[in-house]
Amino acid sequence: MKERRKGIVTRAIDVFDLPGEVIAGLPKLTLVGNSRLHIECHKGILEYDSSLIAINGGKLILKLRGENLEVAAMSAEEMLIRGTILSIEFE
Amino acid sequence: MMKRAVNFFLGTVRVRAECPYPERVMNICALNNIAFWDYERVGPTTVEFSVFQTGYRKLGELAERGGFSIERARKSGVPFFLWRLRRRYALLAGLIVMLLAVWTLSLFVWEIEVSGNETLSAREILEALDELGVGIGSFGPTISSEAIANDMLLKIPKLQWIAVNVRGSRADVLVRERIDKPEILDKTEPIMVYAVKSGVIKRMSVLEGKSVVKVGDTVQAGDLLVTGIMDSIASGKRTVHAMAEVWARTWYDLSASVPLRMTEKRFTGREKTKTALFFAGGRVNLYFNSGIAFTNYDKMTTVKKLTLPTGNVLPIAVVRETYREYEPLEAEMALLDAERMLQKRLLARLARLIGDGEITSTRFTSTLNGGVLTVTLSAECLEQIAAERPFTPEELQQARTPDEKKAN
């Protein structure tokens with residue numbers, strides 16, 4: 001049932017061209033080069049280090065690896081990360 | 001840069017937080033809208049970050065519930081600096097005294113500006129205002145613009161309208177002057193035309209009245225030129241307002257003299273400057289020794305009003321008095337220079353005498369007598385010599401007696 005519902009939501013997003021981050025609770029990532037990452041709709045930080053930042057994205061967990069990573073600004077909805085980003089992983 | 005300035009004014013706190021999961025502190029901050037920056041991990045369970053003072057207070061309330069502890073590592077900014085000064089009573093008292101002084105002084109009038117006056121001088125208006133109690137240093141709130149305006153209109157009849165606007169320490173006085181009634185020519189008034197200067201009449205134009213002289217006649221100052229008594233068929237005589245323009249050749253002999261030897265000032269270059277302040281109608285000397293050691297000196301005074309860069313005039317004026325020493329020196333003037341100077345002076349005097357008239361010929365004669373040069377100007381001019389005057393009682397009498405010849 002759950003699988004089916006998920007399918008409906010994803011299909012609705014595709015069919016009606018809806019903003020996915022609002023409907024499905026998915027994070028929206030805006031990456032500027034490899035130095036700035038703007039994340040909307042996050043659910044908090046799980047791990048924080050200058051070389052690794054793990055972010056709870058609701059249905060996904062984001063893992064950023066890089067150098068001199070830092071959270072430049074953070075609110076309940078949005079987050080801006082600065083530093084040299086080497087990779088972004090999703091779990 | 002801007003951000004740092006804002007942080008400085010709002011006051012920032014460096015927080016050291018202890019938590020098994022330091023990331024939790026970040027999430028709590030974000031969820032509760034506590035702005036933070038410079039997040040730094042200092043140990044496995046310890047982090048440091050900066051927040052505003054208000055954020056720190058909020059964080060303190062959340063710490064217990066969130067299962068972490070916080071302490072203030074450092075604080076900086078204006079609020080903390082001011083808080084440290086709260087026990088320095090003298091400083092506080094000084095601040096209050098200063099604010100009170102500024103407030104009190106702003107209630108007094110320090111500057112009066114008069115505008116809109118054309119023939120009346122600003123000094124006249126200011127003096128009249130001063131008599132009514134509005135001057136530099138008067139207390140602003142007691143000045144009743146309406147009462148002052150009424151009194152001023154009575155005091156200076158030439159004023160038609162006046163408004164005194166007191167704004168802070170500045171009083172603007174706006175005036176409008178009464179326009180004089182034009183003089184109406186009374187054509188029925190009996191008037192005679194007489195000569196104001198002696199001369200030989202060159203041309204005449206009589207507009208009203210009967211001329212008693214003709215072109216070529218020599219007249220003396222005071223002689224009657226055109227009479228206002230006319231013949232009348234009905235009553236024998238009638239009076240009119242005689243009007244005429246009479247141009248006559250006039251002669252002038254003017255002389256002026258000047259001694260050729262005179263004392264000149266030769267400045268020695270020694271100077272002394274004294275500075276004083278004019279403030280609220282009083283004078284504050286910025287010097288101690290008021291004596292002047294020079295025997296002969298010229299004194300020059302300059303008054304400069306202080307203004308702010310915004311153009312506002314301050315009620316303070318700087319007075320500089322410069323004393324320049326000189327030695328009296330005997331000098332001889334060149335004859336030609338002296339002659340030319342006197343000639344110029346004589347011509348200027350003549351021009352003043354004849355007014356609208358014109359100079360037809362001039363001749364200068366110079367004589368030197370005992371070191372004194374005398375220059376005489378003989379000039380011939382052409383000028384208007386007619387002027388009007390009312391009838392004398394005798395003339396009136398004469399005009400009223402019927403003409404005997406006609407009566408017969």
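The following legends describe close-up views of a predicted model.

In this model, local features require pLDDT of at least 70 and side-chain atom pairs count only at pLDDT 80 or more, whereas totals for chains, interfaces and linings use all residues. Residues are numbered from 1 along each chain as its sequence is written, and chains are lettered from A and ligands numbered from 1 in the order in which they are written.

**View 1. Elements of chain A.** Chain A contains two helices and six strands (DSSP runs numbered from the N terminus; helices are H or I with at least four residues, strands E with at least two). Their order from the N terminus is α-α-β-β-β-β-β-β. Of the 91 residues in chain A, 21% are buried (20 or more other C-beta atoms within 10 Å of the residue's own, C-beta atoms being placed from the backbone).

**View 2. The contact between chains A and B.** Eleven residues from chain A and nine residues from chain B take part (two residues are in contact if their C-beta atoms, placed from the backbone, lie within 7 Å). On the side of chain A that touches chain B, strand S3 (45–48) and strand S5 (61–74) of chain A each give two or more residues; S3(A) gives the most, with four residues.

**View 3. An open sheet in chain B.** Four strands of chain B are arranged in the order S10-S12-S8-S22, with antiparallel pairing (two strands pair if DSSP finds at least two bridges between them). Strands S10 (210–211) and S22 (386–390) of chain B each have a single partner strand, so one side of each is left without a neighbour in the sheet.

**View 4. Strands S8 and S12 of chain B.** Strand S8 (residues 191–195) of chain B and strand S12 (residues 224–227) of chain B are joined by two bridges in the antiparallel sense. Opposite B:Tyr194 stands B:Leu224 in S12(B).

Note on methods:
Buried ≥ 20, exposed ≤ 12 C-beta atoms within 10 Å, placed from the backbone.
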